[in-house]
Amino acid sequence: MAQAALLGSVIASFGALIFAFVQSEFLGLRAEGGAGNALVFADVACLAGLTCLAGGLILDSKKALFLLLAFAAAFGAVLLSESRSVWLVMIVLAFLQLFIFRARVFTVLRGHVLALLGVALLLLVLTSGLIVSRFDALWQNVDRLMAGGDYNTSIGLRVALWESGVRLFAESPIFGHGMQNTSALIKEYVLRDFGLEVGFTHFHNGFMTIFIEGGIVAGCAVIAMFAVITVYAIKSLGNKEDPLARLGGAMLLMLAAVYAGGGSVNVMFGHDILDTVFMVFLIVGLFLARGTSRLTDADRAERP
């Protein structure tokens, strides 16, 4: 299971970089792979890359350098997706892994430092202009919102959605307004209060979307789910005798952090790809972290 998870993550990481590079450099598009949405593409690439990093730092494998290069490829794809929130989440979680597995870092990096620094420098050179332009656009959006009350920007639309969301939650806090009404309510409230015609299906905040659709009942259930996942992750990461359990714990922790962190300013659930990836990572992570093999001792003895 662990080898399959790592192989899939490696393929996804390098594949994401290829897609992102072609779309960004040759087609002039914001990288979105085959997802049709740059943010969804970035979330999946982020999880795949972080899984590769965890595998390289946890497992005693001769493929550690290859796994670290796969992480770098996924990070490059995330950069080209222009998803600023995922940039931050991936950087923070990468440093968190380096801290958690600090006892293994120097062992893994021995002899590979120059190669990895070269890859990092190449990524920085190729994307430096993109990074600067995205953050410059962010500050311009904030200035336009604060100075002139212009909500017709990336940041302005988020603020408009959040303000509308707070009002909607106050109207029906217990059981919400129902999933089927979200788009219509967003269109009505944002047009009425901000004079903007939009067609969003979510509030650019996964938790807010859930609280408005299902009220406190649904919102607290989702928060409880993330809390349970995090507890299992932390317990499994503390199991220093079982590297597979630690890998599963790392996958669970990264899953909770990416969805809860990135979902706080973007979509979290309700997209077919994001929902599928969440279930796959949750099942695999739980199996590695807390599951047991169904093979009997006799079965193991018969295996070559």
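These legends describe close-up views of one predicted model. Residues are numbered from 1 along each chain as its sequence is written, and side-chain values use heavy atoms, leaving out hydrogens and water. Because the model is predicted, local features need pLDDT of at least 70 and side-chain atom pairs count only at pLDDT 80 or more, while totals for chains, interfaces and linings use all residues.

**View 1. The largest nonpolar core.** This core has 72 residues. A nonpolar core is a set of buried Ala, Val, Leu, Ile, Met, Phe, Trp, Tyr and Cys residues joined through side-chain atoms within 4.5 Å. Buried means under 20% relative accessible area, exposed over 50%, and partly exposed in between (1.4 Å probe, protein chains only). Leu 47, Leu 50, Met 90, Phe 226, Val 258 and Tyr 259 touch the most other members. Helix 2 (residues 38-58) gives the most to this core, with 13 residues. Helices here are DSSP runs (H or I, at least four residues), numbered from the N terminus. In soluble globular proteins, nonpolar side chains tend to be buried together.

**View 2. The surroundings of Val 258.** Val 258 touches Asp 43, Cys 46, Leu 47, Leu 50, Val 89, Leu 93 and Gly 263. That list leaves out residues up to four places away in sequence. Contact means heavy atoms within 4.5 Å.

**View 3. Helix 7 from end to end.** Helix 7 covers residues 154-171, 18 residues in total. Its first and last C-alpha atoms are 26 Å apart, close to the 26 Å expected at 1.5 Å a residue. The expected span is 1.5 Å times one less than the number of residues. Buried positions in helix 7 include Ile 155, Gly 156, Leu 157, Arg 158 and Val 159. Ala 160, Leu 161, Ser 164, Gly 165 and Leu 168 are also buried.

View 4. A search of the whole structure finds three salt bridges. A salt bridge is a side-chain nitrogen of Lys or Arg within 4 Å of a carboxyl oxygen of Asp or Glu. Arg 167 bridges to Asp 193, with the closest N and O atoms 3.2 Å apart. Arg 167 lies in helix 7 and Asp 193 in helix 8 (residues 182-194), so the pair ties together parts that are 26 residues apart in sequence. Arg 167 is partly exposed at 37% relative accessible area, and Asp 193 is partly exposed at 31%. Arg 192 also bridges to Asp 193, at 2.9 Å between the closest N and O atoms. Arg 192 is exposed, at 51%. Shared partners join Arg 167, Arg 192 and Asp 193 into one network. The charged end of Arg 192 sits over the ring of Tyr 189, 4.3 Å from its centre. A charge sits over a ring if NZ of Lys or CZ of Arg is within 6 Å of the ring centre and within 35 degrees of the ring normal.

**View 5. The salt bridge between Arg 144 and Asp 150**. The closest N and O atoms of this pair are 2.6 Å apart. Arg 144 is partly exposed, with a relative accessible area of 41%. Asp 150 is partly exposed too, at 22%. Side chains of opposite charge can pair when their charged atoms come close.

**View 6. Aromatic rings.** The whole structure holds eleven aromatic pairs. Rings of Phe, Tyr and Trp (its six-membered ring) pair if their centres lie within 6.5 Å; planes under 30 degrees apart count as stacked, over 60 as edge-to-face and the rest as tilted. The rings of Phe 169 and Phe 211 have centres 5.9 Å apart and planes at 85°, so the pair is edge-to-face. This pair links distant parts of the chain, 42 residues apart: Phe 169 in helix 7 and Phe 211 in helix 9 (residues 206-237). Phe 169 is partly exposed at 28%, whereas Phe 211 is buried at 18%. Phe 207, Phe 226, Tyr 259, Phe 269 and Phe 278 form one aromatic cluster.

**View 7. Two loop residues with positive phi.** His 204 is found in the loop between helix 8 and helix 9. Its phi is positive, about 55°, although His 204 is not a glycine. His 204 is buried, at 13%. Glu 82 has a positive phi of about 65° and is not a glycine either. Most residues other than glycine have a negative phi.
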